[in-house]
Amino acid sequence: MTEQTGASDRGSSAIEAERKAEQMTFSGAARWMIIVFTLAAIGVAINQLFNLRLGGYSLLEGMYLYVLAGLFLSLTFITFRAFGPPSSQVPIYDWVLAIATLMVTSFFVFTADASLDGGWEYAAPERAVWASIALYILILEGTRRAGGMVLFCIVLVFSLYPTFAEHVPDPLNGFTQPFTDVIPYFMISSEASFGIPMRAFGNLVIGFILFGAVLQFTGGGKFFNNLAMALVGGYRGGAAKVSIFASGFMGSMSGSVISNVLTTGAVSIPAMKKTGFSARYAAATEACASTGGVLMPPIMGATAFVIASWLSRPYVEIMLAAAIPSLLYFFGLFVQIDAYSARRGLKGLPKVDRPAVMQTMREGWLYIAVFGLLIFLMVAFRWEKTAPFYAVALLLAVNQFNKNDRVSWQGFLNIIVSVGRTLSELVAVLLGIGMIVGAFQATGLTGPLANELVHMAGSSLTMLLIMGAVTSFIFGMGMTVTACYIFLAVVLAPALVQAGLNELAVHLFILYWGMVSFITPPVALGAFAAASMAGANAFSTGFEAMKLGGVIYVIPFFFVLNPALIGQGPMLEVAIVLGCALIGVWFLSAALQGYVAFVGPLNSSSLSTLLRVILFFAGLCIAAPIGGIAGLSHLMLTLVGFAIAIPPLAFARRAAQN
């Protein structure tokens, strides 16, 4: 029987807007403006990042960021409507706002030298004050359109916070400054709108977003879907296992959970339902796979590049650190689906519906070669800034010899329009949340607030981590992942680092817990989007997604307490804790599904619930890469976990034989 969708109004409207935006096409002057401005921005980025000095001149970093902001923020008013549903029809007032944005940012571009020499961020002349106020208003409106009303309200309150900081009770009390001093600081200094978030965008994000779009438009998405189908489609629950791999690859390229659900879910959800999966389970699988894709190297999404800039580390370090947690997440998802399929007696896709492995590899070896080139340039030469442009050039060049997926001139223009829309949305959000960073810098609040958080936790590391997880989850419900991360990197991360935790692990902890809202009710936009496509109840899909993606709730605690799980430590220790974590995740997944994959069922007895609880705690003991619990060392805790896992495993084995 078909289940009825019960998404909240907020969730339904957001999903519907995203779907319409995905399908929206521009024409006429709007389309050509997007194309020209996007190509101009990419050209400026190439000139800057490769240090080509075309025309014999190289831009100052601040000037370069103003150029990108002017081009993409103006496109925000062309691609996003002020009110109502998404539309490709651009009203006159949006053209006026776009032109005003170009004029204001041009002022900052041409006065960048004078601003740097004169210290305008602290003592701006009157014309710069008015220009700053104008740009401030334009950024707020761009943030509202691209990021939503919740993010707009948060940015507005925090951007005005320095003007009344001394009247706020502790621990948020800070230095108060006049409005006409605060706004120029936001627009001119390198600590606010044009600080770390925009530097990450200009140096890293723009190239990888371009690479991801070109890869999809040249057939990369179809290739990875076919490859997954050829490799795992024939096994039990094959349609769902294909969804894991295909959505994982696509999410890594797009960096958007909702877009991933709407694109790959259109194929994967019907295939899962056709092979025996319930509508609810099919939707939950797609939501979890799409969420995990944003956390999967090598691309991951914009937030990973912001982390690299924030920590002043090469992006390849962030990518490698995220590899093990991503592996554990997808392994847990894979094992749960296998257990569900075994328990329900589901079969794989018939051979006639699966492409041949060798044929698929012959047709798509290019995409693997391009990924290989990208990773090689990043790892061997540390060319994080320029590697994606080389990969794009190779992809476009070799693509012309591919008869099936050759990009036409019109197809190339469609790629540019897609990239322009994505980058304009991202720039509007980054400029807005940069002011949150600037507000804390202007009031000198960051250090005292970290101390206060540590004090509130009572010097308890466990309590501080729980507070951090809950805070990240709450902010993740109302903000984009990047916005949530940047806010918490300012407010929360210093407190966790001050408590003695590994800095990189802390920032990944925030990223992971900012993502869980996509599969966790009451928001669960990823699950709600998939439910609407599957014809399933939204909230029951959300709870199913919580169970399927359960690993995402515990893995961040594991790697933040033992950085060996993000590759930070001796190789032997990393190998040991990874091996234990994989076994522990296997047991946790089995407990959640009531079936131990490759062993047997746990749900065929009145003791089922007790056995599942025992196996769940056994999995936690084995997976947890720490000691000190109940006075036990890491080794003893692991051995205890294996010992208490014996009865459930023996029961499952006996049940399978019967």
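At what angle do the axes of helix α15 (residues 315-344) and helix α23 (residues 503-515) cross? They cross at roughly 60° and come within 11 Å.

## Basis of the model

This is a predicted model, in which local features need pLDDT of at least 70 and side-chain atom pairs count only at pLDDT 80 or more, while totals for chains, interfaces and linings use all residues. Residues are numbered from 1 along each chain as its sequence is written, and side-chain values use heavy atoms, with hydrogens and water left out.

## Confidence

The mean pLDDT (the predictor's confidence in each residue, from 0 to 100) of the protein chain is 85, and 91% of the residues reach at least 70. Helix α4 (residues 92-110) has the highest confidence, at 95, and helix α1 (residues 9-23) the lowest, at a mean of 55. Helices here are DSSP runs of H or I with at least four residues, numbered from the N terminus.

Over residues 1-11 the pLDDT stays under 50. For this stretch the model has 29 contacts (heavy atoms within 4.5 Å) beyond four places in sequence. Where pLDDT is low, the predicted coordinates should not be read in detail.

## Helices α15 and α23

Axes are lines fitted to C-alpha atoms, for helices over the stretch in contact, and angles run from 0 to 180 degrees between N-to-C directions. The axes of α15 and α23 cross at roughly 60°. That makes α15 oblique to α23; angles under 35 degrees count as roughly parallel, over 145 as roughly antiparallel, 65 to 115 as roughly perpendicular and the rest as oblique.

The crossing of α15 and α23 is right-handed. A crossing is right-handed if the near helix is turned clockwise from the far one by less than a right angle, and left-handed if anticlockwise. From α15, Glu317, Ile318, Ala321, Ala322, Pro325 and Ser326 meet Leu504, Leu508 and Tyr512 of α23. The contact of α15 with α23 has seven nonpolar residues, one polar and one charged. In these classes, Ala, Val, Leu, Ile, Met, Phe, Trp, Tyr, Cys and Pro are nonpolar, Asp, Glu, Lys and Arg charged, and the others, Gly among them, polar.

## Helices α10 and α16

Helix α10 (residues 220-232) and helix α16 (residues 357-380) have axes that come within 9 Å and cross at roughly 130°. The two helices α10 and α16 are therefore oblique to each other, and their crossing is left-handed.

Residues of α10 in this contact include Phe223, Phe224 and Leu227, and those of α16 include Met361, Tyr367 and Phe371. By class, the contact of α10 with α16 has ten nonpolar, four polar and no charged residues.

Leu59 is eleven residues from Gln48 in sequence, and their C-alpha atoms are 7.0 Å apart. Leaving aside residues up to four places away in sequence, Leu59 touches Val44, Gln48, Tyr64 and Val67.

The axes of α2 and helix α9 (residues 196-217) are 11 Å apart, and the helices pack at an angle of about 125°. That makes α2 oblique to α9. Ala41, Ile42, Ala45 and Leu49 of α2 make the contact with Gly202, Asn203, Ile206 and Leu210 of α9.
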